[in-house]
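Student: I would like to go through this entry and ask what stands behind each label.

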Amino acid sequence: MKNVFSSHKLVLSVLTSALLGSVPSWSAVTPVTVKQAVDLTYRSISLKNAVSGATESITAWTFSPASGSRSGSGTGGSADASAPFPGPVLVFREKDMVEYTFNDKCPCESRPSDHPYAGHTIHLHGLDVTTQQDGVAETSFTVLPWSSYTYKMGTREAGSFVYHCHVHTVLHQQMGMYGGIIVMPADSVDQNKSFTGSPNTFAKQYYWITAEVEKSWHDKAANRDYGDSVEFSYFTQYNPQHFILANYPIDPAALGVGTTTPGRGLVNPSTAGVSFAVGTKNLIRVGNLGYLNHRLTITNSAGASVPFDVIATDGKPMRDVNKNLAPLTAQTKVEYAAGERYDLMVTFPTAGTYTAKVEYLDPSTKTPTAGGKGVLTQAITVQ
Amino acid sequence: MQPVLKLMSASLLGLASIASSSSIAATVNYTLYMTEAKESITIPLYSSSYIRTFWVEGFTDVSGSPPHVSGIKLTASEGDTVNITVYNNTTKTHDFTLRNGLAAPVGPAVGTPTVTVVPAATIAAGASQAFSFTAPSAGSYFYYDPSTDTKTTIPNRAVGMYGAMIVYPAGKTAGSPGNLWTGGPGYTADFTWVLTDFDKRVNDAKWLGTVFSSTYKATYAFINGEFGGHSMKNAETSPVSNVGDTVAIRVVNGGMISHPLHFHGYHGELVSVNNVRQNRVLEKDVLDVPPMTTMDLVFHINQKGIYIVHDHTGMMVTQDGVYAEGMIAEFDVCKKEGGLIANDPYCPIPTIGVPR
């Protein structure tokens, strides 16, 4: 097995800890086994139809922090209106031994249990885990309804990742089976850095997950109309009308307090606003769990661009051929494709209200889809 | 096909340490046929299959054959004399050019001016034209018909008229360990993926000769003319490797839209874009490859397993609506490493339901 515990990091961590005079409990010195669990459940969510302007209720299959109260069998089981959507961001540390239990508690499926698409999985996207833990139904296994599996992985470098179901992904992603993963540096001195050795210390960080829903695709799954054995063309025209910009405020110091694994935990999406302190460096992670390219820009109240540095992508710091850090500085936009992640450092020079805009781009024209209405904004308060 | 002289020089020089200046340039001859036909593919369903037929205009290297989707891969070595004779066996006029990928910078990548190897030339229906040139710097090149069909207003590239040409460093040839360029990143094996997407309505319009004015929406996806289980199990496309190998993938997107390829199991190092060597080497598990762009990636195979590669959009992991087909390949680091074993963490035998 590949050694996930790098020895040089071990020494560095001991040294820095000694210099600081304290040994943080999540230090890399002692690998920590982190046990977490999620359920798959379902609920109705309200999403605005960008084309009609109406708010519509659609069914989401969503991951949720595990709860013993969810029960059922076969195609029977209750919806859980308290479940988050999208699923929680999972926060780990570098060099954790992660044991992650997935309980399929969703009466989503009605396929026979020997059908290859009968269950669900969690694909740990970008974490380069072993095949058995990769969550690809065709190369590993499925977790059938009302059963559980504990995925295991050793985390490597810090970075931004995502997870999603990898069983008939076209349908299951449309149903909302996704969320983010953050691996934070192991060492407490890097607590507010996106990766070990980063020169950038952030005051606050957010993970923004962006996605779309194409109603006709979604409804095929919701109505259990899979078309497995008949000639059909369900997925040839992707014209999403519903757009998602989920905002996760991540404060690792507040996670797992009082437990054996501080600094790890689950963070649900927030409806509270986004705010930063004037003049501070801040980290915004973006991850695309839709099928279109998404383009992010940030402007001030006068419409002028707020530049940001792109310091990492797909869980890897940007480096040059000599392995020196080589961020893309002073960018005014970032376009990120399906499954891609980017880490952005941004400073707001003056107080005021700013606007983050995400455009959901048509693959052919590269303009906002849905007749130009494929756009969402997020207000940012800076004080 | 490599000429005898090339084979001799390669075997005499052999090792990678031989300076390029001591290699002997060869003459490489290719014949390409522009052709057009309706082609059929069989798309598997859960318990049956169905056949789709669509119009393709493209290239083949076999006279009288239908076009090969994704074209015919040509190879040469730097400094070789390359002769390409192109026969237009279609019913329409077509152009032919050979160049590197688009020069415009792509995302974080940096670009340089376009390198045009063969300037566009017009070949009338039934005519042929011979092109001769010295193979340019090592890299991935792109031959295609840059013209738009005036009757349908559809670019001829949209229905398949393109292919790739790979130029190896002087003295090096396809099929053996090498470097992407002299002194550049090394590999134990290299693969070329020509990406193709079709909008079946466009193929229909081209066949009917009607104007297509809708927004292009891809319905078919191919790697090297294959899709789904076929491209996953074709060793010409999907590497079968040992742990410790270094695999180079040259992606050539001939399609009309960008393709975000997601790599399971490994990150790839993006070392070259449109033959521009990148100073900022991104390590990516999703690589968005724009149309008419070439990207060269290096993978360090550091763990066993079966790791799939696929376009991460739902549209392109279906073939006319059927999952899981379309733009899919895989890294197989099990076949040469002991095969599949029940409950093995790296090379498990797949099961339905959790492993027992």
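This is a predicted model: local features need pLDDT of at least 70, side-chain atom pairs count only at pLDDT 80 or more; totals for chains, interfaces and linings use all residues.

Tutor: Start with chain B as a whole.

Student: What makes the radius of gyration of chain B agree with that of a compact globule?

Tutor: For 356 residues the rule for a compact globule gives a value near 21 Å, and chain B has 20 Å, so the two agree. Along its principal axes, the C-alpha trace of chain B spans about 60 × 55 × 40 Å. Of the 356 residues in chain B, 61% are buried.

Student: Which secondary structure does chain B have, and what share of its contacts joins residues at least 24 apart?

Tutor: Chain B has 3 helices and 25 strands. Taking contacts in chain B between residues at least 6 apart in sequence, 72% join residues at least 24 apart.

Student: Why is B:Asp80 called buried?

Tutor: The relative accessibility of B:Asp80 is 1%. Buried means under 20%, so B:Asp80 qualifies. B:Asp80 sits in the loop between β3 (74–77) and β4 (81–88) of chain B.

Student: How do you know that the side chain of B:Asp80 is in polar contact with B:Ala26?

Tutor: The side chain of B:Asp80 reaches the backbone nitrogen of B:Ala26 at 3.0 Å. The cut-off for a polar contact is 3.5 Å, so the distance of 3.0 Å falls within it.

Student: Is B:Tyr143 buried or exposed, and what value decides that?

Tutor: B:Tyr143 has a relative accessible area of 0%, which is under the 20% limit, and therefore it is buried. B:Tyr143 belongs to strand β8 (residues 139–144) of chain B. A polar atom of the B:Tyr143 side chain lies 2.6 Å from the backbone oxygen of B:Ile72. As for B:His94, 49 residues from B:Tyr143 along the chain, the C-alpha atoms of the two are separated by 12 Å.

Student: Why is the pair B:Arg201 and B:Asp199 called a salt bridge?

Tutor: The N to O distance between the side chains of B:Arg201 and B:Asp199 is 2.7 Å. The rule asks for a side-chain nitrogen of Lys or Arg within 4 Å of a carboxyl oxygen of Asp or Glu, so the pair passes. B:Arg201 is partly exposed at 29% relative accessibility, whereas B:Asp199 is buried at 0%.

Student: What makes A:Asp219 and A:Lys215 partly exposed?

Tutor: A:Asp219 has a relative accessible area of 24%, and A:Lys215 has 24% relative accessibility. A:Asp219 and A:Lys215 form a salt bridge, with their closest N and O atoms 3.0 Å apart. Both lie in helix α3 (residues 215–222) of chain A, 4 residues apart, about one turn of the helix.

Student: How many salt bridges are there over all chains, and how many cross the interface of chain B and chain A?

Tutor: Over all chains the structure holds 26 salt bridges. The rule finds 5 across the interface of chain B and chain A. One of these cross-chain pairs joins A:Glu340 and B:Lys284, at 2.6 Å from N to O. It runs from A:Glu340, in the loop between β20 (334–336) and β21 (341–347) of chain A, to B:Lys284 in strand β19 of chain B. A:Glu340 and B:Lys284 are both buried.

Student: Which residues are linked with A:Glu340 and B:Lys284 in a network of salt bridges?

Tutor: The network also includes A:Asp314, A:Arg341 and B:Asp285.

Student: How do you know that A:Lys316 and B:Glu283 meet in a salt bridge?

Tutor: Their side chains are at 4.0 Å, N to O.

Student: What else describes the contact between chain B and chain A?

Tutor: In contact are 64 residues of chain B and 71 residues of chain A. The two chains bury about 5400 Å² between them, 54% of it on carbon and sulfur atoms. Between them, 34 residue pairs are in polar contact. On the side of chain B that touches chain A, the largest share, 7 residues, comes from β19(B). The residues of that side divide into 28 nonpolar, 23 polar and 13 charged.

Definitions and conventions. Residues are numbered from 1 along each chain as its sequence is written. Chains are lettered from A and ligands numbered from 1 in the order in which they are written. Side-chain values use heavy atoms; hydrogens and water are left out. Contact means heavy atoms within 4.5 Å. Buried area is the accessible area (1.4 Å probe) that two parts lose on being put together, summed over both. A polar contact is a pair of N or O atoms within 3.5 Å; within protein, one must be able to donate a hydrogen and the other to accept it, and residues adjacent in sequence count only if both atoms are side-chain atoms. Helices (H or I, at least four residues) and strands (E, at least two) are DSSP runs, numbered from the N terminus. Ala, Val, Leu, Ile, Met, Phe, Trp, Tyr, Cys and Pro count as nonpolar, Asp, Glu, Lys and Arg as charged, and the others, Gly among them, as polar. Buried means under 20% relative accessible area, exposed over 50%, partly exposed in between (1.4 Å probe, protein chains only). The radius of gyration is taken over C-alpha atoms; the globule rule is 2.2 Å times the number of residues to the power 0.38.
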